[in-house]
Amino acid sequence: MTTQTVRTVFRSSRHTLPLLGFLIVLFVQARAQDSTLAPKLRALRGVTEVKVLAPLKGFAESYELRFRQPLNHQNAEGPAFLQRVYVSHRNADRPVVLETEGYAALANRPTELAGILKSNQVIVEHRYFGRSRPDSLQWEYLTLKQSAEDLHAVVQSLKGLYRGKWVSTGASKGGQTTLVYRYWFPDDVDASVPYVAPVPLAQEDPRVFTFLNTVGDSTCRARIKAYQLRMLRDEAGHIRRLEDFSKTTGTKFSIGIPMAYEYAVLEYPFAFWQYGNSACENIPGPGASDSAAFDHLAKVVGFYLFSDAGVGFFGPFYYQAYTELGYYRYDITDFRGLLKTVRDATNRIFVPAGASVTYHCESMQNLNRWLQTKGDRIIYLYGETDTWTACAVQLTGQADALKFINKGGPHGSRIRDLTPGQKEMLYAALERWLSMTIER
């Protein structure tokens, strides 16, 4: 039944209203029956649950799946967990954009690349995060290889439904996941577009120090240092403010409020350049009030990262960072006489209690070498002033890959932020690799 038919019935007479309700029910049922994807999803290998969602804008249908994954892919019959997967459908013949999350998939949402390619979309939550946490957190199975195996299983299952090309993408740690997945399963997808994906080459990569000592101009860097020194000299008053914040909001800091405060001050330059949510001229100077200086720290860094909630959410990441991914520490050379609680400025203290940490340097070294020599059909996008760009992939020309820098851009840099010329080069590469035409 068409919408026009329903309108005609409605205009006929008020006596037809009961019939109208019946016809509307039939109309809705007919539209629901048009979809054949739900039963096909339920029939896929590994899928244990299919939940119908309201379709994302631009898509015909959206679903939340629960996908059974072995805790250890080398023991498929052993313990398992359910991984959350979002599927948004346009047409089985269109390409598929696979977003590889690095953390929890907080919501189903349209991705930039799926909009550009007018593609179907699949979002996979990372193991040990969100609703994809095993009942028992056996940390030895939270590895890059195991997470790549998760994605491989999901993609191989869904390829039974989708006949088009596949493109993987992700941002930040999700971009790292994109690269790790390509390393272990290079032929699963036809191209990859990782956003702002760092590839640290040490457990605490010193290239971050070099970046922070050279990014921007000397005036701005001096202002950042002066602000940090002020915040440590005036620590007692600011700790009282953080205590008030903790009581008012119910935010708990098991590491102690003084240590959480000092970590926030040390994090300040990294966060300032990473997120770009404050201009240099807005850094509080000597004339700013103590209250304004504290509010600035809360805006640029915030305290969530060092709270119990933040440590709990990012705990699996810290485990990965200090066993394979790599991370960073703080340079406290100029602050040693002012720090009262922080003695060794490492983020390793946030690794979950009870997790045994041994760093495997070969994981990222091997990945980096492969990306430079064999990482074909990959487009890298970084923000020029994003601190994580210190660990950007350095292309050597041996791989069929492109790298774009968003001038002045932070960690949130995306394709939409590139220049027209950069976008054209990016689109042309995707068209070549995917054998398709992209609407400009």
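## Rings, a core and a helix

At 13% relative accessibility, Trp139 counts as buried, a word for residues under 20% relative accessible area, with exposed kept for over 50% and partly exposed in between (1.4 Å probe, protein chains only). Tyr128 has 0% relative accessibility, so this residue counts as buried too.

A quick note before going on: this is a predicted model, where local features need pLDDT of at least 70, side-chain atom pairs count only at pLDDT 80 or more, and totals for chains, interfaces and linings use all residues. Residues are numbered from 1 along each chain as its sequence is written, and side-chain values use heavy atoms, with hydrogens and water left out.

Back to the rings. The structure holds 32 aromatic pairs. Rings of Phe, Tyr and Trp (its six-membered ring) pair if their centres lie within 6.5 Å; planes under 30 degrees apart are stacked, over 60 edge-to-face, and the rest tilted. Tyr128 and Trp139 have ring centres 5.8 Å apart and planes at 45 degrees, so they make a tilted pair. Tyr318 and Phe350 are tilted as well, with 5.4 Å from centre to centre and 35 degrees between the planes. Tyr318 sits in helix H12 (residues 308-325) and Phe350 in the loop between H12 and helix H13 (362-373), so this pair ties together parts 32 residues apart in sequence. Helices here are DSSP runs (H or I, at least four residues), numbered from the N terminus. Both Tyr318 and Phe350 are buried.

Now for the nonpolar core, meaning a set of buried Ala, Val, Leu, Ile, Met, Phe, Trp, Tyr and Cys residues joined through side-chain atoms within 4.5 Å. The largest one has 105 residues, and Leu297 and Tyr268 are among those with the most contacts inside it. Helix H10 (residues 257-275) gives the most to this core: twelve residues. Apart from this core lies another, of 25 residues, including Val97 and Tyr427. Leaving aside neighbours within four places in sequence, Leu297 is in contact (heavy atoms within 4.5 Å) with residues including Tyr227, Met231 and Tyr268.

Tyr227 and Met231 are among the buried residues of helix H8. Those buried residues pack against helix H9 (235-249), H10 and helix H11 (290-300). How far should the 16 residues of H8 (residues 218-233) span? The expected span is 1.5 Å times one less than the number of residues. For H8 that gives 22 Å, and its end C-alpha atoms are 22 Å apart, so the two agree.

Technical notes. Helices (H or I, at least four residues) and strands (E, at least two) are DSSP runs, numbered from the N terminus.
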